Amino acid sequence: MRGQESGTPSAVQEVGLLWRSTFELEYRGSLLVADVDFFDFSEKIRLYRDGEFVAVDSSPARLRVDDHATVEAALSLYGMQYVRLVHLDGRPADSFRPSAGTGEDRRAKFSANHPTADAIISACSWIVLVLAVVTQLPELLNVLGRLLDFTAPTFDLPGWLNTALQIGGILAGLDRALRMKFNRWIDNTHL
């Protein structure tokens, strides 16, 4: 697939922090860059080596680098689950780091510079996400239940609280995505 994709992964800083990202890793004197557009519904992940297109695959992706390594990458519901270089000789995998200027990079810098605020935001994100899942899951089940003729008991929450939990759940999921935190029970896209 070499040479079939156009565009450069450096465009991520120009197009937006939350809907596109790149991750990079030095490998054998070259810079590997994994590029993902989170609004690409085919979930394509592109791999570049020193700015040249190498391969593309849909998530979960396995992108061959050379005879010695493969890049594995997978999307979660709101971001990346992982991006890693797997050595074919059995050595431990190396994780890619967020490229400078990406949302993930800025979130990591915030975490390093403000550890107390980061801990509070992380705890709040977890609590809000769990509350949103617990209160909103019955609502989603009832959508399916209308087709299959069953009803799940729901929480009788005021409209403003229901809306706040939905928005808070999205923001909490986004925070977890920017920190590349993944839990298969709440972040998995393949239910």
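This is a predicted model: local features need pLDDT of at least 70, side-chain atom pairs count only at pLDDT 80 or more; totals for chains, interfaces and linings use all residues.
Colleague: How many helices and strands does the chain have?

Modeller: There are 4 helices and 9 strands.

Colleague: And what share of the residues is buried?

Modeller: Buried means under 20% relative accessible area. Of the 191 residues in the chain, 39% count as buried. The chain exposes about 11300 Å², with carbon and sulfur atoms supplying 59% of that.

Colleague: Let's take a helix. How do I read which way its residues point?

Modeller: An α-helix has 3.6 residues a turn, so residues three or four places apart point the same way.

Colleague: Which residues of H2 are buried, then?

Modeller: H2 covers residues 103–113, and its buried ones are Gly103, Glu104, Asp105 and Arg107. Their cover includes strands S1 (20–27) and S9 (97–98), plus helices H3 (115–148) and H4 (159–178).

Colleague: On to the backbone. Where is there a cis peptide bond?

Modeller: Look between Ser59 and Pro60, where omega is about -5 degrees. Pro60 sits in the loop between strand S4 (52–58) and strand S5 (61–64).

Colleague: Which residues other than glycine have a positive phi?

Modeller: Arg28 is one of them, with phi near 50 degrees. You'll find Arg28 in the loop between S1 and strand S2 (30–37). Asp50 also has phi near 50 degrees, and its loop runs between strand S3 (44–49) and S4.

Colleague: Why does Arg28 count as exposed, and Asp50 as partly exposed?

Modeller: Exposed means over 50%. Arg28 counts as exposed because its relative accessibility is 54%, while Asp50, at 49%, counts as partly exposed.

Conventions
Residues are numbered from 1 along each chain as its sequence is written. Side-chain values use heavy atoms; hydrogens and water are left out. Helices (H or I, at least four residues) and strands (E, at least two) are DSSP runs, numbered from the N terminus. Buried means under 20% relative accessible area, exposed over 50%, partly exposed in between (1.4 Å probe, protein chains only). Accessible areas come from the Shrake-Rupley method with a 1.4 Å probe; for residues, only the protein chains shown count as cover. Contact means heavy atoms within 4.5 Å.
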